[in-house]
Amino acid sequence: MTSTTCFTLAELAGALGGELHGEAEASVCSLATLQSAGEGQLSFFANGRYLKQLRATRATAVLVSARHLDECPVAAILVEDPYLAFARASQLFDWRPAVAAGVHPSAVIAEDVQVPTDAQIGAQAVIEPGVRLASGVVIGPGCVIGRDCHIGPRTRLEANVTLYPNVRLGAETLIHSAAVLGSDGFGFAPTPNGWEKICQLGGVVVGDRVEIGAGVTIDRGALDDTRIEDGVKLDNQIQIAHNVVIGRDSAIAGCTAVAGSTKIGQRCTIAGMSGITGHLEIADDTHVTAMSLVSKSIANPGVYSSGTGLEPHQQWKRNVVRFRQLDELARRVRKLEQAVELYSTEGQTDDGR
Amino acid sequence: MTSTTCFTLAELAGALGGELHGEAEASVCSLATLQSAGEGQLSFFANGRYLKQLRATRATAVLVSARHLDECPVAAILVEDPYLAFARASQLFDWRPAVAAGVHPSAVIAEDVQVPTDAQIGAQAVIEPGVRLASGVVIGPGCVIGRDCHIGPRTRLEANVTLYPNVRLGAETLIHSAAVLGSDGFGFAPTPNGWEKICQLGGVVVGDRVEIGAGVTIDRGALDDTRIEDGVKLDNQIQIAHNVVIGRDSAIAGCTAVAGSTKIGQRCTIAGMSGITGHLEIADDTHVTAMSLVSKSIANPGVYSSGTGLEPHQQWKRNVVRFRQLDELARRVRKLEQAVELYSTEGQTDDGR
Amino acid sequence: MTSTTCFTLAELAGALGGELHGEAEASVCSLATLQSAGEGQLSFFANGRYLKQLRATRATAVLVSARHLDECPVAAILVEDPYLAFARASQLFDWRPAVAAGVHPSAVIAEDVQVPTDAQIGAQAVIEPGVRLASGVVIGPGCVIGRDCHIGPRTRLEANVTLYPNVRLGAETLIHSAAVLGSDGFGFAPTPNGWEKICQLGGVVVGDRVEIGAGVTIDRGALDDTRIEDGVKLDNQIQIAHNVVIGRDSAIAGCTAVAGSTKIGQRCTIAGMSGITGHLEIADDTHVTAMSLVSKSIANPGVYSSGTGLEPHQQWKRNVVRFRQLDELARRVRKLEQAVELYSTEGQTDDGR
């Protein structure tokens, strides 16, 4: 299936807004890392750690910034931001087949649903009544789209995605396999005889240009909607609870969980395996490092962390015991300070005799 | 699809066992938060933090306790437990369509399976031989029900749920999308040439009125069964390993993992992102806070925690270094105490001269 | 469906390479724990903790090592490694039906795909063009196999597995339900107007005898492939990011996440809920305990940990406050040491007067 698209270096420099230092007619047909690239491949240099590999690369050409142009032993396409240029180049070399418009005959589509002529509906998909599909939508094989969902232009659902009823997706959004949007929020009232369910009557609203990773779950709101704003990127296996709001262009890495009604600001980055408890407000431009627990609102942008560092297990066991005694240790230090201060005072008194 | 059901305040007060303070014939057709509610909407006041919003609400009526009745600027339905009354009201206003009995023609159902006339089997579902379905069961689109599973009365599987063979579900249980019950427990014997698989020959038994979140995985037992007792509530993306037992009415929040053969008692609550290691016994009425690691059995009910709190990254980095030296620090403090005690003794000796 | 296979003790001893101490013609038809086993059941003793249960067992026979042979009150099959013998016995007693070759008529298989006569393709499965299936492959109901995937001999996909295009699986590998292989790696370049997607052009390569748990997600590589080597065992809900390499015979427990481009060595064990950040190298034979964060490369084999231990919440709250002041506390101890040393010196001077 691989559709090989080749470009001359001149064409690439033009497409990426770069300045070519090398042979205009040389041809590249794929992307590769500095180390593995060979004849006919384009690479990029965006991380100082790989300078040695730049100097030794056998790529046909490299995307490089002015600062490292002299280090490049092969043709160079000079760009301001090589990593961004690489991102754009990756789109030029995307080998995935274009959307093939049409409805697979095994798909089950409710009678009242209108499928645009340029949409693609995969095998064994299920689309329930009241669903609205915009132009260029792709619904992968095995997806289930619940009643009254709206899916915006050119939004793509990979295979086996599940949308519960009343989920609304914007334009050019991408949802990966096994993701679930619109499941019930975790809401129960305690009673003497167990838990009483709070029916979850809100929906889920996802903006434009959002990416949602494989196995992500996003619960519907209890009364109002859960909201994922434009440009948000969610990695795999993230859990978003009911009534959470994630602000524009924030990015969250894998396996993070956000508890109910928390509002995350714009342009935040949350590293993987983090937990954010419920009913918090996280300021715009907040950054959280891996496996941190956020249990209070964050009012000031910045970088935040929790946890301890890795250490050999035997040493860790001793330190963990001490952690449990830390408050006591601090009190003992305070007493020592008082005692020593006492002596010190006494000493001064002695000196003054 | 939204089916609007309206009630008079008198009807609602009757249904919720409350006392109406307001116009009996006023009509409400939906639920909303205090802040967003307007004409024709019912709200509730269950959290002191929202007192300001209660005073300003424009809801048609509010569920409120005696203590805050005077603060309510609109009609009130006086109840003992407003949160519980809200849970019950949410069920009255549930807009989801009623179960539509019938088997979708695209479903694949083994010949020996009897489908009750009031059951609903969704499109593209697969039901293997030997499965027993009770009255009122709902199997969502794309579900796969393995051989010899038993599903109890009025239990509902949302879309794309997978049950391996020999899983037994009780009555009125709800399982959300992408959940997997009955996958192999993680059991391997080490050998000099890698891992030898231990076939997982037990099953999974789930009680009545259980709720299992989206993307939850529950492994089958190695020899005996994995057991989820009546009334248990599991949030999304929880992992339950082989031979775990979760006691009646316990509730576990999202992304928590419970390792093999651990027994969790009744009425426990485990907050999200927690880990519970294997072969433990957790007492009834134990509560664990978010992102805690439980690595020993808990004999006494109470609230337990582990981890550290969030802090600015630069400050955290310094503290993390000190954590690695904590045992040494404690030893140094001990030495100081001995030294100061020594001086103190000497001092006393001096004093006594 | 349960197919009961019975063996005489002589047959079992032969099959497991053990020495029978007991009646050769006695028959066992299933496996059970020491505690629950009865007439016609085989059990095993592999953990000293269960000695009391061994002494009281009512199993027909027990797999036991020479050291505990005398403690066994019933027939014994003497083996070198009882746990390994139990693993092998579990395979003898596996009750799951054998592979039933054939293609379910509801499966959708691209015209160019050749299905071996001994393969089994489940109901509602989807197999896209260019896929190659080896002898004895099992594709469960509802699976979606993307374009150009290769699946090796006797590899089995349980129900509702998703393979994106260009995923290659070795022989005798087992993939559990709701797993997703080949989803896009989480790669975006920052721009002043949000995130620019880096198309993920690599694949996923999985070796022989690998087991991948329910709900696992393995992202495709950005340029090169993500690689899971022979004999690796992954528990449920693990997240493997793009370009990760997991070395031969390593085993990872549930809910662990490995970030991009990290290389894990051979024979490592990583306990559950752990996080491993990106671009690291983890030495062969490294072991990480539960809920640890690995944020630096590990050059030396050994056991590593991070985190704190569980404690009563009120005590923990006090200690957490002290952790935030730990660097300051250490500085205060240093000052005390200097002060006490000073006195000590002064004292000596005094003594010397």
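Between which strands of chain A does the loop holding Ala110(A) lie? The structure is a predicted model, in which local features require pLDDT of at least 70, side-chain atom pairs count only at pLDDT 80 or more, and totals for chains, interfaces and linings use all residues. Residues are numbered from 1 along each chain as its sequence is written, chains are lettered from A and ligands numbered from 1 in the order in which they are written, and side-chain values use heavy atoms, with hydrogens and water left out.

Ala110(A) is located in the loop between strand E9 (108-109) and strand E10 (120-121) of chain A; helices (H or I, at least four residues) and strands (E, at least two) are DSSP runs, numbered from the N terminus. Residues up to four places away in sequence aside, Ala110(A) touches Ile127(A), Glu128(A) and Pro129(A), contact meaning heavy atoms within 4.5 Å.

In helix H3 (residues 82-92) of chain A, the buried residues include Leu84(A), Phe86(A) and Ala89(A). The buried residues of H3(A) pack against elements of chain A, among them helix H1 (9-16) and strand E5 (41-44), and also against strands E21 (188-191) and E22 (194-197) of chain C.

An open sheet of twelve strands with mixed pairing runs from E8(B) to E39(C), two strands being paired if DSSP finds at least two bridges between them. Strand E8 (102-103) of chain B and strand E39 (311-312) of chain C stand at the edges, each with a single partner strand, so one side of each lacks a neighbour in the sheet. Within chain B, strands E27 (residues 233-234) and E30 (residues 251-252) run parallel and are joined by two bridges, with Lys233(B) opposite Ala251(B).

Conventions. Buried < 20%, exposed > 50% of the residue type's maximum accessible area, 1.4 Å probe, protein only.
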